[in-house]
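Me: I'd like to learn how to read the features of a model like this one. Could we go through it together, starting with a cavity?

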Protein chains: 2
Amino acid sequence: LIGSGNVATHLGIELHQAGHRISHVFSRDINHAKDLAEKLQATPTNNLNDLDQQSDLILICIADTAINEVAELITFEPILIAHTSGSIPISALSKFKNRGVFYPLQTFTKGRFISLRNVPFCIEAESISNKKTLKDLASQISEQVIEMNSSDRKQCHLAAVFANNFTNHMYSLAEQLLYKKKIPFEILKPLILETAKKIEQMSPIDAQTGPASRNDTVVIKEHLKQLESDKLEKLYSFVSNSIRDLTESKKASKL
Amino acid sequence: LIGSGNVATHLGIELHQAGHRISHVFSRDINHAKDLAEKLQATPTNNLNDLDQQSDLILICIADTAINEVAELITFEPILIAHTSGSIPISALSKFKNRGVFYPLQTFTKGRFISLRNVPFCIEAESISNKKTLKDLASQISEQVIEMNSSDRKQCHLAAVFANNFTNHMYSLAEQLLYKKKIPFEILKPLILETAKKIEQMSPIDAQTGPASRNDTVVIKEHLKQLESDKLEKLYSFVSNSIRDLTESKKASKL
C-alpha cells in the first residue's frame with residue numbers, strides 16, 4: 001500500500017478485514033506509515049525499495065500530483081500495480097507491464113469512517129487477467145464494481161466535483177449567511193439531507209425548485225439585495241441564470 | 001387550509017393525523033381542493049367566503065406571490081391566521097388582528113411524502129397567546145419548533161436557496177456531464193448522500209475538498225478544457241474562485 005491518507009486508510013482497513021495481508025505501508029513520513037501499518041499489521045516504510053516485489057498488487061493511494069514521481073522511483077516490475085485516482089489516466093503507469101486503476105468514487109475524510117459496501121469502484125486494466133484480479137478484489141469490499149476507461153473515469157471525476165465539492169461549497173455559503181444572523185447551521189441539516197435523498201427517487205432536473213426555476217424575478221431581486229456582498233451577488237446571479245437556462249431547455253425538450 | 005399544493009398537502013395530512021379537524025380546503029381550482037379535502041375529510045371550496053369563521057386557525061399554504069391577494073379577499077376577522085412562507089414578512093397579514101407565521105423549513109415535492117418530525121418549524125406571532133397556539137400546534141407534528149422573526153426567517157430562506165436549490169442544480173449539471181458519456185447518474189448517488197451526511201458531523205467549511213480548495217491549478221485547467229461549454233466553464237471558474245477565497249479566508253482566520 002503506497003500512501004497513508006484517507007483513501008489508503010479506508011482501502012487498507014477494508015482489504016485487511018476482507019482477509020488480505022498488507023505487507024508494507026509506504027509513506028514519505030515514516031510516522032504516517034507507522035500509524036496506518038499498525039492498524040493493518042503491516043511493515044511501515046519510507047523507502048519504495050523495501051516493498052515486497054512478490055506482492056500480488058501494489059496499490060497507489062496518494063495525491064494525483066505525486067503519482068508520476070512514485071512511479072519513477074519504483075525500479076522493479078511488480079506483479080500488478082494500480083492507482084486509485086479519478087483523473088489520472090492508466091497511462092501514467094505505462095512503464096509497468098501489469099497496470100490498472102482501482103478508483104473508489106467517494107469522498108473520504110479523516111475521522112469519519114464509512115463503509116465501502118455501496119461505493120462504486122471504477123476498474124481499468126488492459127489484460128483480462130489483471131482486470132479480473134482488480135474486479136474480484138473490489139467485489140470483496142463493494143457491491144458496485146464497474147469497468148471504466150480513463151476518459152469516462154475522468155468525466156465521472158469532473159461530475160463528482162460538481163456533485164461533491166461545489167455542493168459542499170453551497171452548504172458553506174449557506175452556513176455563512178446564517179452565521180451573520182447568529183442562526184445555527186443545524187436548522188438547514190434536515191433540508192440538506194432531504195435534498196440529497198430526493199434525487200435517489202427522481203432526476204435532479206425534475207427535483208429543481210426555487211425562485212430561479214420558476215423565474216421569480218421579485219424574490220431573486222430581494223435576495224440579491226439581501227446578500228450584501230458583490231461576490232455573493234455575482235455567484236447567486238450566475239447559478240440562478242444557469243438554473244433558469246436548464247429549466248427552459250428542459251421545458252423546450254418536452255414540447 | 002388555504003392551498004392544495006405540496007405544503008398544504010403535507011401539513012394537512014399531518015395535522016389531520018394529529019387529531020385536528022380541517023373544516024375546509026380552499027383552492028382556486030375546485031378539483032384540486034376536492035383531491036386534498038377528500039384525504040382530510042374536509043369540505044372543498046373555491047370561495048374564500050365559505051371558510052368557517054369560527055376556525056381556530058386559517059393556514060395559508062400558497063405561492064408567496066398570491067398571499068397578498070388572498071389576504072385582500074378574506075373579509076372577516078379570523079380567530080388566528082398564519083402563512084407558511086419563508087420570505088414573506090408577518091406584516092403581509094397586517095390587516096388581521098391575530099396573525100402569525102408557521103414556516104416549515106423543508107423542500108416538499110409532489111409524490112414524495114416525508115415525515116415532518118425533524119422539520120424545523122419557524123414560528124412568529126405578536127401576542128403571547130397566538131405564539132403559544134402556533135408553537136403548540138407545530139410541536140404536535142415536529143420536534144424542532146423555533147421562534148423566529150421575519151428578518152431572520154428571510155435569511156434562512158436565502159440560505160436554503162443555496163443549500164437546496166443551488167445544491168440540486170449542481171446535481172443536475174453533474175447528471176448532464178455524465179449523460180454526455182452515457183454514464184448512469186446512479187454512480188454519483190452514494191457520493192451525494194455522503195456529502196450531505198458528512199456535514200452532520202463537521203462544518204462544511206472543514207469538509208471542503210477538491211482541486212479548488214487545494215488550489216490545484218493543473219486539475220482546474222484540465223477540467224475547464226473538459227467542460228466544452230462557455231457557460232459551464234464560467235460557472236466552474238466562478239464557484240472554484242469562491243471556494244478558493246473561502247478556504248483562504250478560513251486559513252487566514254486560523255493564523
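Predicted model: local features only at pLDDT ≥ 70, side-chain atom pairs only at ≥ 80, totals over all residues.

Me: How do the lining residues divide by class?

Reply: The lining of the largest cavity has 7 polar residues, with 1 nonpolar and 1 charged. As for volume, the largest cavity has about 40 Å³, and the count is 3 cavities of 30 Å³ or more.

Me: Now the interface. How do I read its size?

Reply: The size of an interface is often given as the accessible area lost when the parts come together. Here chain A and chain B bury about 8700 Å² between them, 65% of it on carbon and sulfur atoms. A:Arg112, A:Gln155 and A:Phe162 supply 8% of the area that chain A buries against chain B, more than any other three residues. Each chain brings 86 residues to the contact.

Me: How many salt bridges are there between chain A and chain B?

Reply: There are 6. One of them joins the side chains of B:Glu222 and A:Lys154 at 2.5 Å, N to O. On the side of chain A that touches chain B, helix 5 of chain A again leads, with the largest share at 28 residues. By class, that side of chain A holds 44 nonpolar, 26 polar and 16 charged residues.

Methods:
Residues numbered from 1 in each chain as written. Chains lettered and ligands numbered in written order. Heavy atoms only, no water. Contact = heavy atoms within 4.5 Å. Buried area = accessible area lost by both parts, 1.4 Å probe. Salt bridge = Lys/Arg side-chain N within 4 Å of Asp/Glu carboxyl O. Helix = DSSP H or I, 4+ residues; strand = E, 2+ residues; numbered from the N terminus. Nonpolar A, V, L, I, M, F, W, Y, C, P; charged D, E, K, R; others polar. 1 Å grid on protein atoms, 1.4 Å probe; cavity = no way out; pocket = protein on both sides within 12 Å on 5 of 7 lines; lining within 4 Å. Points joined across faces, edges and corners; volume = space filled by probe spheres on them.
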